[in-house]
Amino acid sequence: MRKIFFTYMLIFSAVVFPQTFEITGRVTDPEFTPIPIVNVYLVNTTFGDATDEKGYFQIKNIPAGNYELEISAIGYSKKRQKITVDKNIKMDFILIPEAIKTDEIIVTAGKYEQKKSELPVSTEIIYGTKLIERNFRNLESAMRFVPGVNMTEDQISIRGSSGYSRGAGARALVTIDGLPFYTGDTGEIVWEMIPTTEIQRVEIVKGAASSLYGSSAIGGVVSAITRDISSYPRTMINAYYGFYDKPYYKEWDWSGEYRPFNGVTVSHSNSFDNFGFNISLTRLEDLSYRRDDFSKKYIGFLKMQYAFNPKSSLIFLVNSFNKRAGNFLYWKDSRNALINSEFVSANRIETNRYLLGLVYKNLLSDQTVFFLKGSYYRNNFSDNSIPSNVSTSSLYRLEAQITSGLSKNIILTSGAEIIPAKVNSTLFGNPTSFSAGLYSVSDISFDFPLLISIGLRYDYGKLDSLEASGSLSPKIGFNYKLFDNLILRSSLGTGFRNPTLAEAFTSTSTSGITVKPNPKIRPERNLTFEFGVNYSYHSLFEIDFALFQNEYYKMIEASVDPGDGLIFFDNLLRARIQGFEIGNTLNIIPGILKSGFAYTYLNSKDVEEGTALKYRPKHSFTGSVEFYNWHFGLGIFFRYQSRVEEIDDELIDLGIVRDGNLRVPVYQTDINLSYELISLGLPATVYLNAKNIFNYNYVELVGNLKPIRNFSFGFNLIL
């Protein structure tokens, strides 16, 4: 009788008090940073939880059964997974950032945080996770996949703003954490110095931004923003190994080997009370697919932040770059495309560069914030030519900025900066330069969905013995939200660029090229106009269209003096650049499968000669398809550029670059595979990249074959 009683009691307990289980785990982003306030719940039930500040969640008292678990957070792709609950389960998840593009926050356009949907200009964003996954160890390589941007070797052109000026000057300004990033002698951008593993995102503003940023922003701004300092100990180890495939033609196989490349980065971040830091060291080595093009590089990075109180803080930044490399300028001829020309006099270069910066921030009131930014950029370059080319430059910069909400409808950003520079060089002599600027930009909103941006900047510049010059750069922009998902924008502005010390004072004869100085060179200016439309359908679909026209006056270009046959820089061109961009993103399966494409049409003309500008492709296209599920990622990326119409014929005519007229359209296809080991309890991601998978041969600059097919395997471990 007692056995029967206990049997009934067990049956009764199982029916009235069924056994329950729990699901626990953690939610992070792809860099394994915890994501707080993530909703984790079982669909069509009342069981759920939200993650804490360390990303952990716990769902208790779940009856056995089959469920669908949903994980969602604002700014991230939603994730769903079917599960069977018959025991306690531990599950970790990674959410992919997937903010609605029009709601992304942009700092660069107005020097303060603004929604992308409220800007009067076109912008693009590259996220740091993509730089790591696709193994971009040089930001220059990633820029090739940005709509409206094309690269000629290391020189950037935003909407046709630049051709190729042999490393002297740039028409796009690059900054790192708001600190301008160009050398004091040539004014060039040293992309390889930027530590890509430390980048949180890169913002690209298209069109003249001289009203805020002054000289060098005549074509746009590229702003690299480093990752936030962690509130807890965080160590990252990132490494990769790769190799170049054999060349397409056997005649080009000068080494008979698969040429390797590799790299490793170790970084650490932590905070103690009011003090925090990020520190990293990177070593990169590349034996190259071209002879005499090897390189060994070391990149150091340090970011320290101290909060004096809740309203004021100081950031100290150090970025160092040391490089020993070969010097491949152009090929011997088309049958020896991977062998240096005999005209190249130097086959070794040594570079040491250092950037030191301070950013002081003080919240003067709830509506007013003050910034004081200072930086020092030292550049030292030398080669083994006879005689050796040596240049040491020092560039100083000091800027004060105030952003204030004058009312609920008006935000005013004003500032002043001074920029002295000094050079000691066998190439340029020992010139100095000085420039200063004052600017003010007002962003005005109304009770109806209209935003107006009005700005004006005055700059003064003096290059050593050259005559001083001044320039006014006004701008006006509009942003009107016709409907919640349909936005119209328009902007009209001017830009200017002072010639660099290299463009004015270069005097050298090397590698078959003789360059002479030009004491009569003057600043160049432009007038730029854009009209754009953005339409989005929830977070599923977005299309953006922009029509633009840029007028350039006294554009600086390198040319050959017919009198003596020497190359010099001069104000040669009255140029007109017209075109349009159209881009689309489509979330085919939200959070799992998405695609995107962008097409740019560019019509660039020398107005006086009626010919196309050098190194500006008329048609450009980028496309991608990306899949992510089950901790596995697959991406296919493609870019196309039409054959450029005009190149440096002077180098070919002088016999310096043999077969230099050989050029074709660009077709590049890359594949990226990744797998997150968090499913195995490891905070790591492994990735495999195959670039230029069809081994397509093309040049961007005369006599310079771009990378042949190559493969790399790497991992990113967060401790």
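Q: In which strand is the place of phenylalanine 545?
A: The model is predicted: local features need pLDDT of at least 70, side-chain atom pairs count only at pLDDT 80 or more, and totals for chains, interfaces and linings use all residues. Residues are numbered from 1 along each chain as its sequence is written, and side-chain values use heavy atoms, leaving out hydrogens and water. With strands taken as DSSP runs of at least two residues, numbered from the N terminus, the place of phenylalanine 545 is in strand E35.

Q: Is phenylalanine 545 buried, partly exposed or exposed?
A: The relative accessible area of phenylalanine 545 is 31%. Buried means under 20% and exposed over 50%, with a 1.4 Å probe and protein chains only. Because 31% lies in between, phenylalanine 545 is classed as partly exposed.

Q: About how much accessible area does the nonpolar patch have together?
A: Ten residues form this surface patch: Ile454, Ile476, Phe478, Leu492, Leu527, Phe529, Phe531, Phe545, Leu547 and Tyr553. Patch residues have over 30% relative accessible area and no salt bridge (a Lys or Arg side-chain nitrogen within 4 Å of an Asp or Glu carboxyl oxygen), and nonpolar side chains are joined within 5 Å. By the Shrake-Rupley method with a 1.4 Å probe, their area together is about 780 Å².

Q: Which elements give two or more residues to the nonpolar patch?
A: Phe545 is one of the patch residues, and its place is in strand E35. Two or more residues come from each of strand E30 (469-483), strand E34 (524-537) and strand E35 (541-560).

Q: Which are the edge strands of the five-stranded open sheet?
A: The sheet has mixed pairing and runs in the order E10-E15-E16-E13-E14. Two strands pair if DSSP finds at least two bridges between them. Those that pair on one side only are strand E10 (123-127) and strand E14 (179-180).

Q: Which residue in E16 is the bridge partner of threonine 175?
A: Strand E13 (residues 173-176) and strand E16 (residues 220-226) run parallel and are joined by four bridges. In E16, threonine 175 is partnered by serine 223.

Q: Which residues make up the covered face of strand E2?
A: In a regular strand, side chains alternate between the two faces of the sheet. Strand E2 (residues 39-42) has Asn39 and Tyr41 on its uncovered face. Its covered face consists of Val40 and Leu42.

Q: What is the phi of asparagine 44 in the turn between E2 and E3?
A: E2 and strand E3 (residues 48-50) run antiparallel, joined by three bridges, and tyrosine 41 stands opposite glycine 48 in E3. The two strands form a hairpin with five residues between them. In that turn, the phi of asparagine 44 is positive, at about 65°.

Q: Is asparagine 695 buried or exposed?
A: Asparagine 695 lies in the loop between strand E42 (684-691) and strand E43 (699-701). Although not a glycine, asparagine 695 has a positive phi of about 50°. Because its relative accessible area is 3%, asparagine 695 is buried.

Q: What is the relative accessible area of aspartate 292?
A: Aspartate 292 has its place in the loop between strand E19 (275-286) and strand E20 (295-309). This residue is not a glycine, yet it has a positive phi of about 65°. Aspartate 292 is partly exposed, with a relative accessible area of 23%.

Conventions: Patches are made of residues with over 30% relative accessible area and no salt bridge: like charges are joined within 9 Å, nonpolar side chains (Val, Leu, Ile, Met, Phe, Trp, Tyr) within 5 Å.
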